[in-house]
Amino acid sequence: MTTPTVSLRHNALAWQVIDSELVLLDLRTATYFSVNASGTVLWELLARGTTRAKLAEELVGRYGLDDRRASSDVDRFLEALESRSLLQQPAISPAP
Amino acid sequence: MTWVKFLRLPHREKIAVMRVLGVVFLVQTGLRVLPADRLARLLGVPLQLSDADAAPPAGAGVISDYRRPELRMLGPVLARLPFRRRSSCLTESLSTGFFLRHMQPRLRLGVGRAGEAVLAHAWVEAANHSFFADAAFRPLGQRSNNTEP
């Protein structure tokens, strides 16, 4: 079974990083969002397309989180993006 | 611009003021009903999101078309509008781009920080020149500056 890829909705999204904080503009809704430093790390992976596991690995490697905490943070971040229709496809449900 | 000043303008500049008012009205109405990128495309000033890391071109505004009366009148007209929109830079950029549309202008949106606040700004690039660009604002794109290749 292949692991589904998650990626950003590239259509009508634009962003820039300022002082490690990402500022995002959703042109469909004319809404600006800001993303903190750890979210920016995840965002950059999502911009290229990645898997939920790789996102969690990145948080573990970069911030020294344990696997469970990292997975939980990734889930919350993806849910936040999904609720704002910023993802290309629905985020993957966490493994049971 | 007061009525007296308007009436003293040469005929060509009066026409320019009327054209500017029409375009500004069109832009401001358009911004209320359409997404900015769609309006920009319709006005012939498409939003540029690629090459986001590129610095705005230097030498702002010294092109012959900048002397067109519509472009000279735009600032004074916008300054005297009774109900200025908060996104006046967007109105100004779209209107300028519209008057320069034969030069394939591109709209840029950027963000910058002022203390804790994040501010947005719009400007236009055409024929290797920038109009209203501000070095304090970095252009929005679809690639982050600190993204590793």
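**Group meeting: how chains A and B meet**

Okay, let's start at the boundary: across the interface of chain B and chain A, two salt bridges turn up. Before I go on, keep in mind that this is a predicted model, so everything I say today is computed from that prediction.

One salt bridge I'd like you to find on the screen is between R113(B) and D19(A), with 3.2 Å from N to O. Where do those two residues sit in their chains? D19(A) is in the loop between β1 (13–18) and β2 (21–26) of chain A, and R113(B) is in strand β1 of chain B. For the overall tally, the structure holds 10 salt bridges over all chains.

Five residue pairs are in polar contact across the interface of chain B and chain A, counting pairs with both residues at pLDDT 80 or more. On the chain B side, β1, β2 and β4 each supply at least two of the residues that touch chain A. Which of the chain B strands gives the most? That's β1(B), with four residues. And if you sort that side of chain B by class, you get 10 nonpolar, seven polar and five charged residues.

Now, how much surface are we talking about? In residues, the contact takes 22 from chain B and 18 from chain A.

Let's zoom in on chain B. Its four strands make an open sheet in the order β3-β2-β1-β4, paired antiparallel. At the edges you have β3 (129–131) and β4 (138–139), each pairing on one side only. I'll walk across that sheet pair by pair.

Begin with β2 (residues 117–126) and β3(B): they're antiparallel and share three bridges. As an example, E125(B) has S130(B) in β3(B) as its bridge partner. Sitting against this sheet is helix α5 (residues 88–99) of chain B, which touches β1 (106–114), β2 and β3. The direction of α5 makes about 10° with that of β2(B).

Next over, β1(B) and β2(B) run antiparallel, joined by nine bridges. A114(B) is partnered with A117(B) in β2(B). The hairpin of these two strands has two residues between them, and there G115(B) takes a positive phi near 70°. Then comes β1(B) with β4(B), again antiparallel, over two bridges; V111(B) has R138(B) as its bridge partner in β4(B).

Over to chain A. How many strands are in its open sheet, and in what order? Three, as β1-β2-β3, with antiparallel pairing. The edge strands are β1 and β3 (31–35), each pairing on one side only, and the twist averages 20° from one strand to the next. Between β1(A) and β2(A) there are six bridges, in the antiparallel sense, and W15(A) has L24(A) as its bridge partner in β2(A). Chain A has a helix on its sheet too: α1 (residues 37–48) packs there, touching β1, β2 and β3. The direction of α1 makes about 135° with that of β1(A).

To wrap up, go back to D19(A) and R113(B): that pair crosses between chains, from a loop in chain A to a strand in chain B.

Notes: Residues numbered from 1 in each chain as written. Chains lettered and ligands numbered in written order. Predicted model: local features only at pLDDT ≥ 70, side-chain atom pairs only at ≥ 80, totals over all residues. Heavy atoms only, no water. Pairing = 2+ DSSP bridges. Contact = heavy atoms within 4.5 Å. Axes fitted to C-alpha atoms, helices over the stretch in contact; angles between N-to-C directions. Salt bridge = Lys/Arg side-chain N within 4 Å of Asp/Glu carboxyl O. Polar contact = N/O pair within 3.5 Å; in protein donor to acceptor, adjacent residues only side chain to side chain. Nonpolar A, V, L, I, M, F, W, Y, C, P; charged D, E, K, R; others polar.
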